[in-house]
Amino acid sequence: MRTVLEVKNLRKCYGSELVLDDISLAIPEHSVNVVIGASGSGKSTFMRCINLLEEIDDGQILLDGEDISAFGTNMDKVRSNIGSVFQAFNLFPHLSVLENITLAPRLVHGVSRNDAEENAMALLKRFGLAEKARGYPDLLSGGQQQRVAIIRAIATNPKLLLLDEVTSALDPVLIAEVLTLIAELKSEGMTMVIATHEMGFAKRIADHVIFLADGKIHEEGNPSEILNNPQTDRLKEFLGALHSAGRL
Amino acid sequence: MSYKPSSLQLQREDARRRASRRSTLIAAVSTVAFGLVAVIVVTGAPGFDRVRTSFFSAKYASHALPTVFHGLLLNLRVLIIAEIFVLIFGLLIAVARTTKQPILFPLRLVATFYTDLFRGLPLLLVLLLVGLGIPGLRITWIPNSAVLLGTVALILTYSAYVAEVIRAGIEGVNPAQRQAARALGLSSSQTLRHVVLPQAIRNVLPPLLNDLVSLQKDSGLISVLGAVDAIRAAGIETARSFNFTPYLVAGTFFVLMTIPLTRLTDWLARRQDAKQKQQGRW
Ligand SMILES: Nc1ncnc2c1ncn2[C@@H]1O[C@H](COP(=O)(O)OP(=O)(O)O)[C@@H](O)[C@H]1O
Ligand SMILES: [Mg+2]
């Protein structure tokens, strides 16, 4: 299968703190990759390196075989091919839902307003948010906001979708509606990297699970292997902690 | 079945009505009492009669009205032009001060120096330096008009104030917003134009309008350069009649002129407060 993203020996420091140490990973097309790890283990940093929001300290990142970590890469162009959704504050509060979704297609991809709105409305309709199109983000529930943020991220047909703890700020009922949307994207073949603490969800949706600890990929494999049968003490400990927090 | 309020609710509403009638009454009585005290104190003052004839003369007021009003039209023209330029320059300076592009570093330096300088200099001094200093240079292509130079001085000073307000707005926009925009592939200038600035301006609209109100009334200071605006016109009338009523007429005009903008400012601030309260419910 075609490789969408390839990360080779990635290294990232903040000052003297080594956050990512020699990370290598290949992400095939249509695969769902879930990154797990304690808070502060570098999940967000990893994602932010992929969409070039952080400068890397060593290694290489290839998107569709092209080295996007090379000096002089057109970063705006790379980012326009990668969809990203963060934990919170994704939506632009001064723009309506429809304007939020059509902003990048119009400004970055040169789509006409009509076509962009048509496409956005089709997406909103598909995910049950059509009646919110003219509304502003502050009138949406947290779950609706994150769903709109995900729709906005896929409205430009990205090659890869990065979801960084998109449900962490939500309560359980709202988490479910966001996870349902993500599962639908998987069934459509979207290639994704997801950081999450929702282990039940990870088990159901992931093709590949990556456990980050001490800046390294401590363990990786298919979800049942990793989550039901952890090999290292580190991962057992992490899963145990999640278990007692009621997340497993 | 249709809803009928319970007797408990009826009692409660009755009590509320009585309480509200009582507060209205208290407000009315206290207003009248305050007014009476003020009138007694002022009219009882030993110099009251002299002040009344020299500041509150209906005759001189109606006499001065047309010329003072004519002067006010000059203030209006000056302040409209000044407001336009102040908003443009203020925005540019604020953007220059917040830019992180290395190529614009010198611009940032100049912008910082500029705002430091003109926020510190008293407006009166800027007016005198520009209005008297520039003609002193005898550069022939610079028009030597009190109105023009006065307007320039106003623009110089108020651009610095407005730039600082807008800069505070830009810095107040959540950094996550900028990141979300960049992650969508927007360039840094697109991010500024479509994501950062609209939110920044919206957040500082009340203090921004406040500065414009200040600018409106400070447009009267161009009279020190000899421009015949409302204040200068009132001064001329006063010199002619030895009566100060024309100044009061000019003052009244200035207050009337700023009221629409101050009301708008209050209304916007209230609306923003309400909105912020609403956002507490996630
Ligand atoms: N901008 C930054 N500056 C300095 N240190 C940072 C920055 N962002 C993250 N870090 C540090 O890097 C480590 C990894 O953080 P992060 O990637 O956010 O972890 P996670 O998303 O897994 O919780 C943490 O120790 C954090 O303190
Ligand atoms: Mg994180």
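Visitor: What percentage of the 282 residues in chain B is buried?

Guide: Buried residues come to 35% of the 282 residues in chain B. Buried stands for under 20% relative accessible area, exposed for over 50%, and partly exposed for anything in between (1.4 Å probe, protein chains only).

Visitor: Before we go on, what sort of model is this?

Guide: It is a predicted model, in which local features need pLDDT of at least 70 and side-chain atom pairs count only at pLDDT 80 or more, while totals for chains, interfaces and linings use all residues. Residues are numbered from 1 along each chain as its sequence is written, chains are lettered from A and ligands numbered from 1 in the order in which they are written, and side-chain values use heavy atoms, with hydrogens and water left out.

Visitor: How many helices and strands does chain B have?

Guide: Chain B has 11 helices and 0 strands. Both are DSSP runs numbered from the N terminus: helices are H or I with at least four residues, strands are E with at least two.

Visitor: Is chain B compact or spread out, and how do you know?

Guide: Its radius of gyration is 26 Å, well over the 19 Å that the globule rule gives for 282 residues, so chain B is more spread out than a compact globule. The radius is taken over C-alpha atoms, and the rule is 2.2 Å times the number of residues to the power 0.38. The C-alpha trace of chain B spans about 80 × 70 × 30 Å along its principal axes.

Visitor: And what does chain A look like?

Guide: Chain A has 9 helices and 10 strands. Its radius of gyration is 18 Å, close to the 18 Å from the globule rule for 248 residues, so chain A is as compact as a globular protein of that length. Of those 248 residues, 54% are buried.

Visitor: Why is A:A149 called buried?

Guide: Its relative accessible area is 2%.

Visitor: Where is A:A149, and which residues does it touch?

Guide: A:A149 is in helix α5 (residues 142-154) of chain A. Leaving aside residues up to four places away in sequence, it touches A:V85, A:N90 and A:L91. Touching here is contact, with heavy atoms within 4.5 Å.
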